[in-house]
Amino acid sequence: MGDDDNSRGQGAPTINDVAALAGVSKKTVSRFINKSPLMSDATREKVEQAIQQLDYVPNPQARALALRRNFMIALLHDNPNGQTVLNFQKGVLSAIKDTELALAVRPVDRISPGLLADIESYLTKQRPLGVLILPPISERDDIVELCKRLDVAYIRIGSTALDDPANCVASNDREVVHELISAMLAKGLKRIGFVRGPEGFRSPIERESGFRDAFTDCGMPLEESLIAQGNYRFGSGLDAGRELLDRNDRPRAIFASNDEMASGVLHAAHELGLAVPGDLEVLGFDDTATASHVWPTLTTVHWPIEEMGRLAATKLVSEFLGNATHDCNLNQVVVPSHIVERASAKFH
């Protein structure tokens, strides 16, 4: 018997044994195990035959030790919108569903003085293949520098491009809000209220910029008194709605920076006996389940957070899985949003 036969006789077959017998690299065997499409039929058949001949059973723990990484990706977030996090997770899980990879979700406290130490301890102990970083903490360069120092791959998610294409997935918040408000102005609405998102997030900045740009580009004056502060939660939308609507010169329409706050505005309108969309038109952003569950159903912007999760995860693990997972364009950065017209506001 040759050396390979001797090594196989000494214990359970390893990925090295499969690679040797099939005449391919360990990475190729790993790609086969993870169902990567980046393999010819002939190579796939050779690896499959070697696995069957050796009765090889993949051992993730042993492979993880060899890689000095665990077969998981970590999601770091401090996002007040639970539905956003869940939708993003759905996209990530769809990208890794046919692989050995798992997703670990790690909430963090962005205002904690120990944030960086907490993340460093977590990454050092868990040794993920890489991390996905949701806003608003994705906007912090010190977290990115920490990942680089620990040699942990990362993808930043945001409402605008935050990094080079290989390390970033973004949406086009400013452009789509500009389109939304321009459509309302074009049909003759001049008094449009606005509910901001919380400070410390890039998304409210981008969405407010789109709102303001629409007025500027249409040559319409923007009334600063029709802008109210919110924090992305229902209660703040309710308070902002009461503030904006409890005035003699109330706005004819209100755009809120997310659906939770827009539903609060709807509630405030109902309290005052205002008909929507007869007396007031209401628009939101996100297109979460809330948008179709409230009455009237909410005209909003569909934020492609699930697709962003799928693309981000695919970018993160593409090299591990052979640079060809699913049908994503790995050079893509922006996943475009689009307007969903429902009952609370009409454009015609």
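Guide: The largest cavity holds about 100 Å³ of space. This is a predicted model, in which local features need pLDDT of at least 70, side-chain atom pairs count only at pLDDT 80 or more, and totals for chains, interfaces and linings use all residues. Residues are numbered from 1 along each chain as its sequence is written, and side-chain values use heavy atoms, with hydrogens and water left out.

Visitor: What counts as a cavity?
Guide: On a 1 Å grid over the protein atoms alone, it is a set of points where a 1.4 Å probe fits but cannot get out. Points are joined across faces, edges and corners, and the volume is the space filled by probe spheres set on them.

Visitor: How many cavities of 30 Å³ or more are there?
Guide: One, from a search of the whole structure.

Visitor: Which residues line the largest cavity?
Guide: There are 12 in the lining (an atom within 4 Å of a point). Nearest the centre of the cavity lie N79, T84, S203, Y232 and W303.

Visitor: How does the lining divide into nonpolar, polar and charged?
Guide: Five are nonpolar, five polar and two charged. Here Ala, Val, Leu, Ile, Met, Phe, Trp, Tyr, Cys and Pro count as nonpolar, Asp, Glu, Lys and Arg as charged, and the others, Gly among them, as polar.

Visitor: New topic. How many salt bridges are there?
Guide: The search finds 22 in the whole structure. A salt bridge is a side-chain nitrogen of Lys or Arg within 4 Å of a carboxyl oxygen of Asp or Glu. One of them joins R207 and D173, at 2.9 Å from N to O.

Visitor: Where are R207 and D173 in the chain?
Guide: R207 is in helix α10 (residues 202-218) and D173 in helix α9 (residues 173-186), 34 residues apart. Helices are DSSP runs (H or I, at least four residues), numbered from the N terminus.

Visitor: Is that pair buried or exposed?
Guide: Both R207 and D173 are buried, meaning under 20% relative accessible area, with exposed over 50% and partly exposed in between (1.4 Å probe, protein chains only).

Visitor: What does R174 pair with?
Guide: R174 forms a salt bridge with E206, with 3.4 Å between the closest N and O atoms. R174 lies in helix α9 and E206 in helix α10, so this pair ties together parts 32 residues apart in sequence. R174 is partly exposed at 31%, while E206 is buried at 5%.

Visitor: And which residues are linked in a network?
Guide: Salt bridges link R191, E223, R247 and D249 in a network. Within it, the closest N and O atoms of R247 and D249 are 2.9 Å apart.

Notes:
1 Å grid on protein atoms, 1.4 Å probe; cavity = no way out; pocket = protein on both sides within 12 Å on 5 of 7 lines; lining within 4 Å. Helix = DSSP H or I, 4+ residues; strand = E, 2+ residues; numbered from the N terminus.
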